[in-house]
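Q: Could you take a close look at the ligand site in this one and walk me through what surrounds the ligand?

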Amino acid sequence: MLYLLDTANLEAIKHCNEYYPLSGVTTNPSIISAENTDFWELVTGIRKIIGDEKMLHVQTTQKTAAAIVKEAKLLKERIGGNFYVKIPIGEEGIKATMELKKLGIGVTVTAIFTPAQALIAAKAGADFVAPYVNRLDNIIGDGCDVAAEIVSQLKIFGYDCKVLVASFKNAEQVHKCASVGCHSVTVSAGILKTVISHPMTDAAIQGFDRDWAAIYGDKTIMEL
Ligand code: E4P
């Protein structure tokens, strides 16, 4: 299972990169725009924080295959490291994916809402396909079911393409996607924290602290 952080906020990235077993960071034009700052400083700043080994997914804003390929090359050259260009599904995107695969540039085909879209993207050579769970849930589409079907079809046809599930609004969606074998998720810092939190955990820790303090006061093991 790969956990990626779906933000371009440098403070959140610094924090989560230190505290969680992150495999990388994903962005999209909305996420980048939310930071309202110099684009190149932002994406190279993310690379500096996460280092060269972790994945950085940055979405193209181009609309034709030729321009997508050109922009992907520029992004890879300037950002460096373990880089993936995110390309929205569509004819131009599929054509660009096939060309980028020949050039050895990593591709995540994004804005996926059906298993049929994902299958074609995988056949074109996408390394990842990114279905949007919450946006499907919002229209009673059951995002997790769609993600599960994508996982199953990629397996049936033997494609070496991972399902990077995106657009989460709660921890239950993350859990459900993991249960059906999705290979990776990209989530906000808030959802990451919710995933590791539980009121019973808090109660258990409070109990341990109370029992310890009753005998040893405020001394830690290292002070005994
Ligand atoms: C990630 O790659 C997607 O672009 C993102 O998760 C979409 O999330 P949203 O539905 O919250 O905008």
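**Around the ligand**

A: The shell around the ligand is made up of Asp6, Asn28, Lys86, Tyr132, Arg135, Ala166, Ser167 and Lys169. Keep in mind that this is a predicted model. Sorted by class, that shell comes out as four charged, two polar and two nonpolar residues.

Asn28 has a side-chain N or O atom 2.7 Å from an oxygen atom of the ligand. Ser167 also puts a polar side-chain atom 2.7 Å from a ligand oxygen, and for Lys169 the distance from a polar side-chain atom to an oxygen of the ligand is again 2.7 Å. As for cover, the ligand on its own has 340 Å² of accessible area, and the protein covers 84% of that.

The structure has four aromatic pairs. One of them is Phe39 with Trp40, an edge-to-face pair with 4.9 Å centre to centre and 80° between the planes. Phe39 has a relative accessible area of 28%, so it counts as partly exposed. Trp40 is partly exposed as well, because its relative accessible area is 21%, and the cut-off for buried is under 20%.

Tyr132 itself pairs with Phe113: the ring centres are 5.4 Å apart and the planes meet at 70°, so this pair is edge-to-face. The angle settles that label, because planes over 60 degrees apart count as edge-to-face.

Definitions and conventions: Residues are numbered from 1 along each chain as its sequence is written. Side-chain values use heavy atoms; hydrogens and water are left out. A residue is near a molecule or strand if one of its heavy atoms lies within 4 Å of it. A polar contact is a pair of N or O atoms within 3.5 Å; within protein, one must be able to donate a hydrogen and the other to accept it, and residues adjacent in sequence count only if both atoms are side-chain atoms. Accessible areas come from the Shrake-Rupley method with a 1.4 Å probe; for residues, only the protein chains shown count as cover. Ala, Val, Leu, Ile, Met, Phe, Trp, Tyr, Cys and Pro count as nonpolar, Asp, Glu, Lys and Arg as charged, and the others, Gly among them, as polar. Rings of Phe, Tyr and Trp (its six-membered ring) pair if their centres lie within 6.5 Å; planes under 30 degrees apart count as stacked, over 60 as edge-to-face and the rest as tilted. Buried means under 20% relative accessible area, exposed over 50%, partly exposed in between (1.4 Å probe, protein chains only).
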